[in-house]
Amino acid sequence: MKASQLFYPTLREVPSEAEIVSHQLLLRAGFIRKTTAGVYTYLPLAQRVLKKITDIVREEMNRAGGQEIMMPIIQPRELWEKSGRWSLYGEEMFKLNDRHQREFALGPTHEELITTLVDSDVHSYKGLPLLLYQIQNKYRDEIRPRFGLMRGREFIMKDLYSFDIDYEGLDESYQKMHHAYQRIYERLELDYRVVQADSGAIGGNESHEFMVLAETGESEIVYCSLCDYAANVEKAVCLAEENPPARKEYKSLTKVHTPGQKTIKDIVGFLDIPEQQQIKTLMYMKDDELIAAIVRGDRDLNEIKLKNLIGGNQLFMADEATVKSICGAGFGSLGPVGMKVKIYIDLEVAQMRNFACGANEDDYHYTNVNIGRDFAPFAVVDIRNAVEGDRCPCCEGSLKTIRGIEVGHIFKLGTRYSEALEATFLDSHGQEKPLVMGCYGIGISRTMAAAVEQNSDENGILWPLPIAPFQVIIVPVNIKNQEQKDLAESIYNELTAKGIEVLLDDRDERAGVKFKDADLIGIPLRITIGPKSLQENKIEMKKRWEKENTLVDISAVTKTVLDIVLE
Ligand code: 9G3
């Protein structure tokens, strides 16, 4: 391909809205253009990268026994009514009406659609297991689309669905997918971790996320320094202290006037009581019931763990008016003593002694509060976020945290959808059984952005060779010099004939501009043709990830390139 023909509008400056490096560089390097919030056009260079990613994904899905299909993006409301999910996602689901006023969703995912399809055409265990997948746009009306392709409202996903006769079969399909995903991320040359994850509203119980490590990642990962325990912090288990502090004597409960003191920090200053000796009392509505969730003053409540533990459909923070009317005080003066609602306390709080909290009276706090004597929790549960230094739940190691970008998520769904949609098969005894399912997603467009997050420097992108838009860029220093032009074209033709993907920068631009653009768009190998090339029959070769150039005999260029590209 000749650069003079290629549509890649590079930019010197980047819109201020681009906060993370992949968003900045994909815009600057002419890979994407924003149409509207969270909706992008993939320009030719991005298309070339996306095709390489999807080719690798497709190969590994097929190798694992997947069969590719293409499902509709337009999905009838009835499907989602049957599964009970039409209203579950609220505003996040893009909806539209057809000319007859019938309602549809733009597919955010395809469990309902694929389960209905398989139910209608698979009637016997003989047709199972079945692994069907697609690579296609998904639509989710994110409240705050941002970070470019990282959180778009239209994005490319590979979603595979597995159908088995029983849970043993599901385990096998799940393992096959787990291994296929590992091969995919190895082949993409991304530094990733597999972590235990929360299954969320999708249902089912077990799920794993594939995380590309990056400082700008939205996900927080907790992992053990010794064993292979790793979990999304939404899921990470916290242990109670093995040897809890000695049972200090219970000091007498004291009510203290604390005018205007609302936060944990206020009380640290006002009463000289450290955060660790205080508790946080957070009020939630579980459907229409007000409940209290309590963690130690220096901890963060994990709402996902809380919701998974206490159930209910909706769980959201209660508003202050409701809290005032039921507890008698506003935020900042709340505590468990005398509170008339169910109180869920974190494991750690159950071992605290003589701590401070609000007195359920504005401008008053209690000190020397003790469990049992002063209040009875409804349940003692693991509801705090794990933090660096916590004990590993699997071994004697301690936990560390790191940030990651979720690029894949695999789930064991069980019969959640087959029961809701009455999708059954006849087993070998002629018994009607629900299909046992799994679902497996890869964010294709997000993976391209994650690759940039993980592979960039001050000059631009460093594409991993397996997904680079071109493998080699040839830069003649002066395209007006006929000899340089001829040599460039002959090397271009020779490499192309060997199947190497080459971009020849034949633009009439200064060499400096060409070098900057080559670094910006991130082509792994750069061949420079200059006056020296002609005198000494050598070209300069530079790997994008190395600092120095090497001189290569013109006669050895093809072999040298092939060795690098094929290694
Ligand atoms: C919706 C909307 C947003 C959603 C969903 C449904 C996430 C939804 C979970 C999944 C689970 C897996 C198959 C591929 C891999 C992920 N956001 N999820 O179900 F209606 Cl608006 O999509 N699905």
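Val557, Thr558, Val561, Leu562, Ile564 and Val565 are the buried residues of helix 14, which spans residues 557-566. Here buried means under 20% relative accessible area, exposed means over 50%, and partly exposed is what falls in between, with a 1.4 Å probe and protein chains only. Helices (H or I, at least four residues) and strands (E, at least two) are DSSP runs numbered from the N terminus.

A word on the model itself. This is a predicted model, in which local features need pLDDT of at least 70 and side-chain atom pairs count only at pLDDT 80 or more, while totals for chains, interfaces and linings use all residues. Residues are numbered from 1 along each chain as its sequence is written, and side-chain values use heavy atoms, with hydrogens and water left out.

Despite its charged class, Arg526 is buried, with a relative accessible area of 9%. Leaving aside residues up to four places away in sequence, Arg526 touches Ile473, Val475, Phe515, Ala518, Asp519, Glu540, Met541, Lys542 and Asn549, where contact means heavy atoms within 4.5 Å.

Turning to the ligand, 16 residues surround it, and the closest are Arg85, Pro108, Thr109, Glu111 and Arg140; a residue counts as near if one of its heavy atoms lies within 4 Å. A polar side-chain atom of Glu111 lies 2.6 Å from a nitrogen atom of the ligand, and an N or O atom in the side chain of Thr109 is 2.8 Å from a ligand nitrogen. For Arg140, a polar side-chain atom lies 2.9 Å from an oxygen atom of the ligand. On its own the ligand has 500 Å² of accessible area, and the protein covers 91% of that, with areas from the Shrake-Rupley method and a 1.4 Å probe. Strand 8 (154-164) and strand 24 (436-443) are the elements giving two or more residues to the shell, and strand 8 has the largest share, with three. By class, the shell has nine nonpolar, two polar and five charged residues; nonpolar covers Ala, Val, Leu, Ile, Met, Phe, Trp, Tyr, Cys and Pro, charged covers Asp, Glu, Lys and Arg, and the others, Gly among them, are polar.

Asn385 lies in the loop between strand 20 (379-381) and strand 21 (399-414). Asn385 is buried, with a relative accessible area of 19%, and touches Val233, Cys238, Asp300, Leu301 and Asn302, not counting residues up to four places away in sequence. The side chains of Asn385 and Asn302 are joined by a polar contact of 3.0 Å, that is, a pair of N or O atoms within 3.5 Å; within protein, one must be able to donate a hydrogen and the other to accept it, and residues adjacent in sequence count only if both atoms are side-chain atoms.

Overall, the protein has 14 helices and 31 strands, and 51% of its 567 residues count as buried.
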